[in-house]
Amino acid sequence: MDLQSLSVILQAALSPNPDERKAAELSLNQFQYTPQHLLRMLQIVVDGNCDMGVRQVASIHFKNFIGKNWSPLDSDEQSKILPSDKDLVRQNILGFVTQVPPILRVQLGECVKTIIHADYPEQWPNLLQWVKHNLQDQAQQIYGALFVLRILSRKYEFKSDEDRVPVYQIVEETFPHLLNIFNGLVEVPNPSLDYAELIKLICKVFWSSIYLEIPKQLFDPNVFNAWMVLFLNMLERPVPEEGQPADPDLRKSWGWWKVKKWTVHILNRLYTRFGDLKDQSPENRAFVQMFQKTYAGKILECHLNLLNVIRVGGYLPDRVINLILQYLSNSLSKLSMYNQLQPRLDIVLFEIVFPLMCFNDTDQKLWDEDPHEYVRKGYDIIEDLYSPRTAAMDFVSELVRKRGKENLQKFVLFIVEIFRRYEVAPAEHKPYRQKDGALLAIGTLCDKLKQTKPYKSELERMLVQHVFPEFNSPVGHLRSKAAWVAGQYAHIRFSDPKNFQFALHKVVAGMRDPELPVRIDSVFALRSYIDACKDLDEIRPILPQLLNEFFKLMNEVENEDLVFTLETIVDKFGEEMAPYAFGLCENLAAAFQKCMNSAEEEEEADDPGSLAAVGCLRAISTILESVSRLPDLFVKVEPILLPLMHRMLTTDGQEVFEEVLEIVSYMTFFSPTISINMWSLWPLMMDALADWAVDFFPNILVPLDNYISRGTAHFLTCKDPDYQQSLWNMISHVMADKNLEDGDIEPAPKLIQVLFQNCKGQVDQWVEPYLKITIERLQRSEKQHFKCLLVQVVADALYYNASLTLNILQNFGVTTDIFNLWFQMLQETKKSGVMTNFRRENDKKVCCLGLTSLLMLPPGQLPGEALGRVFKATLDLLVAYKEQVAEAAKEEDDIEDVDLDDVMNGLQTDDEEDESEGSDREMGLDGEDVEEDDGTLKKLAAKAKAFRSADEDDDDDEDDDEDDYSDDEEMQSPLDDVDPFIFFVESVKVLQVTDPMQFQSLMQGLDFRYQALANGVAQHAEQRKVEIAKEQLEKASASS
């Protein structure tokens, strides 16, 4: 396609007629892969005679095509751009960067970035020479070289070690020229704004080059000094007054202020890296000492002078103030820097820092004109990174923490004086904004004051006298600040309980305040009061009213703190929330959908709305957990939550997939039955798993287990969709995938076990295919724990149908290999004597049931020698299982009378004692195996989430650094009702009846130890029968 035809199509892409636009887009897509199409598109972008709209469309299309096709994500996929076209783009694009206006330069810059990240240095070796050459040319070429150099240096900004090597050459080749250019620009009298742009680019290149590590060329004192002279010059030099925009938003982005910001940024980074001799490598120490002696104090002096500008009413951008205060905060711990700061400290603290903490005109304007934005900024952690107020609070905190002896009392007296002046002043002259700053200061110093005499004994009086009265202030921002400060001190010990009650009720009342920020700060404070509340009767009577206010606020604003507070309430009241569960879920689901919609509109995955959305889902889970013993409630909330689950189990829900799966897990576990509508979620999870959600396989395992174990009949009988086939398709795919590591697919064998355990006698047709993929994976598996899981699949298959399974193994010709491996794994122990494999109670039980099932095979199917090995291995396993169960029961009994902290402190000691005494702990674990301790501590929780995967609690084992163990002790299965001792004894009786000769031969072949073990197991089986009967009687009595 020629240039003229391409221009016509691009023009059509701007048409207001949707049909014309669509036709143009189809044409562009049709021709985009033709040779030299990319070059023609680039020609249109730089053609000054072409319509600007057409050039913009061309630049966007060019950028998108480069981004998608220059370097395919799949390394095996061949690039759709011809190598010759790539060469031509690389040869021409750099020169075009300076020829196009800024609106197009941005798009070309993104293209250069994509190409550099993919091609430099291997496919673009002459790039650096082009930059170096153009740095020595005229102004326009210098700008283009700096523009490209900035992109190139940024590629390595966060790289370390070997990946960072190209930086050294970049610095070697370009920094001498940058230094010359910088020197020349600084010497120009009355420089234009274009010069600011050049200096800014030099600063950005320097920043990217030194962010992680100082290049060795800069360790030369003469070179480093040359740079520092220039940076200090820029730091001290006043910003030109002429040309500064009047609009504050435009002003902070003005070129010369940007230069100032980047200069401060660089000097702060250097001080962060070299401000302290500690943690410095020996080769850096001389350089660090030189930096501290020569530059650190000078930078501090310049920063203090800059800060003085705002003291006398001048302008500094918020980000510059923030960065300077960060430098001051970092200087407090170093004595020489603190001594330099001290003569001006009072002025800094009381005339600069404290005023920054006070409510100001900008705050008032935002409060009045856009209270939602005021709230968002107040609770946005990203805003905190740039906020002068946050930096001022941090400075005060650091000052009293590092230099509190000289400064805490002085600052507190200053705050008290503000309180006094406020108290005595008539209403029309009260310093409302200073009082706001004083309250913020008191809240900021909360942790310090709560542990420092004499202040900690005066806190209640301070609250009553200076904070609580502002709940009724005529000024909204003081009511808001009073609620926030009250929340900070909710956990102090109140000598008069009425003061706690008063604050609690005022905070609750604040949720109905006419001003939105007051309502939000009240919600934030309420969380602390509910958490601190010892007597829930204080809150119980107003709970309906509280929840009503929550619902109103959730409809009005997206704020995660709202949801966090709601979670705290639900957590505290547990099952008492049952009457409100439906309304809560309804409102949270609506709030969630609203948050997601707003996040999609703004296309920001990490905005406060999406954070609130995650909070909504977590709150729903908390509610479902709190009413888990009331299954009928789940039936009521299902229609509310089902649309949410449907939507979020697709790619729309990738950011909240884990939270949604937890809700699905609750709904499929605690509902009386799994409804047909809930079954409609199964295909969505399978599609996600096949497409993009393999990282969430452990989370998906939980609801899939619930579907099979609690909806067994529907799982087995339904053919549209065919859930059995769907399960097979998924498991066979992941088990055969060589790109997936063992650890990625641990849920797969667990699901096969779930199938065999729950569908005993009903899925014979699936035994052979599942065993086939299990054995194939076992033969190439490397991870020991994964091997255990695969062997347990064989054990479950034997328990499912021993005769069928053994025939299948024999047909595969792997029977001997499988059993040899199994017995070998059973015999492997650690130094302490603990089994290396099958370490969980459930692992041992599954192996016991599988091996025991072999005893009931028809006569002659299992040779006598093999039967003897099976019998002995099973006896050893039963003994180990018995001891482990006994140890766990003992730990559970002991824990009832022991404080959690005592248990935490004593865990390591207990292990050490057991090891030193040479205790044979087959039932427990040695010192390295802390996951069993985790399991013990879990029992202190109200109730373990029985169906939740505990893979995140996995710990590494000394014998296998990659060995993970998931605690499935709380998982429920039909095996829970099978006692392995009784099952073993009954199986032996079957063997005795069906094949008496084999039985007699087996008994005669046992040595004294195994005869004793067999007798012990038989006695324990009788004991277990008595215990089980007693447990059933108690259960029946309790239920009646």
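Where does Pro121 lie? Pro121 sits in the loop between helix 6 (102–119) and helix 7 (127–134), helices here being DSSP runs of H or I with at least four residues, numbered from the N terminus.

A word on the model comes next. The model is a predicted one, in which local features need pLDDT of at least 70 and side-chain atom pairs count only at pLDDT 80 or more, while totals for chains, interfaces and linings use all residues. Residues are numbered from 1 along each chain as its sequence is written, and side-chain values use heavy atoms, with hydrogens and water left out.

Most residues other than glycine have a negative phi, and most peptide bonds are trans. Gln36, though not a glycine, has a positive phi near 65 degrees. Gln36 belongs to the loop between helix 2 (18–31) and helix 3 (37–46), and its relative accessible area of 39% makes it partly exposed (buried means under 20%, exposed over 50% and partly exposed in between, with a 1.4 Å probe and protein chains only). Phe838 is another non-glycine residue with a positive phi, of about 50 degrees. Phe838 is found in the loop between helix 44 (815–827) and helix 45 (841–853), and at 1% relative accessible area it is buried.

Phe838 also turns up around Trp822. Setting aside neighbours within four places in sequence, Trp822 is in contact with Phe838, Val791, Val794, Ala795, Leu798, Cys847 and Leu851, contact meaning heavy atoms within 4.5 Å. Trp822 is listed with Leu641, Met645 and Leu727 as having the most contacts inside the largest nonpolar core, which has 343 residues. Helix 42 (residues 784–800) gives the most to this core, namely 12 residues. Such a core is a set of buried Ala, Val, Leu, Ile, Met, Phe, Trp, Tyr and Cys residues joined through side-chain atoms within 4.5 Å.

Two further buried spots can be looked at together. Gly487, in helix 26 (residues 476–488), has a relative accessible area of 6% and is buried. Beyond residues up to four places away in sequence, Gly487 touches Ala525, Ser528 and Tyr529. Its C-alpha atom is 8.8 Å from that of Gly443, a residue 44 places away along the chain. Leu526, in helix 28 (residues 516–532), is buried at 1%. With neighbours within four places left aside, the contacts of Leu526 include Leu504, Val507, Phe550 and Thr565.

Charged pairs come next. The structure holds 37 salt bridges, each one a side-chain nitrogen of Lys or Arg within 4 Å of a carboxyl oxygen of Asp or Glu. In one of them, Asp363 and Arg389 bring their closest N and O atoms to 2.6 Å. Asp363 is in helix 18 (residues 361–369) and Arg389 in helix 21 (residues 388–402), so this pair ties together parts 26 residues apart in sequence. Arg777 and Asp742 form a salt bridge as well (3.2 Å, N to O); Arg777 is in helix 41 (residues 764–780) and Asp742 in the loop between helix 39 (723–736) and helix 40 (747–758), 35 residues apart. Both of these residues, Arg777 and Asp742, are buried. Glu373, Arg376, Asp380 and Glu383 are linked in a network of salt bridges.

The whole structure has 56 aromatic pairs, where rings of Phe, Tyr and Trp (its six-membered ring) pair if their centres lie within 6.5 Å, with planes under 30 degrees apart counted as stacked, over 60 as edge-to-face and the rest as tilted. Tyr881 and Phe981 have ring centres 5.9 Å apart and planes at 40 degrees, so they count as tilted. Tyr881 is in helix 46 (residues 864–896) and Phe981 in helix 49 (residues 980–994), 100 residues apart. Both Tyr881 and Phe981 are buried. Elsewhere, ring pairs join Phe219, Phe224, Phe274, Phe287, Phe291 and Tyr295 into a cluster.

Methods: Helices (H or I, at least four residues) and strands (E, at least two) are DSSP runs, numbered from the N terminus.
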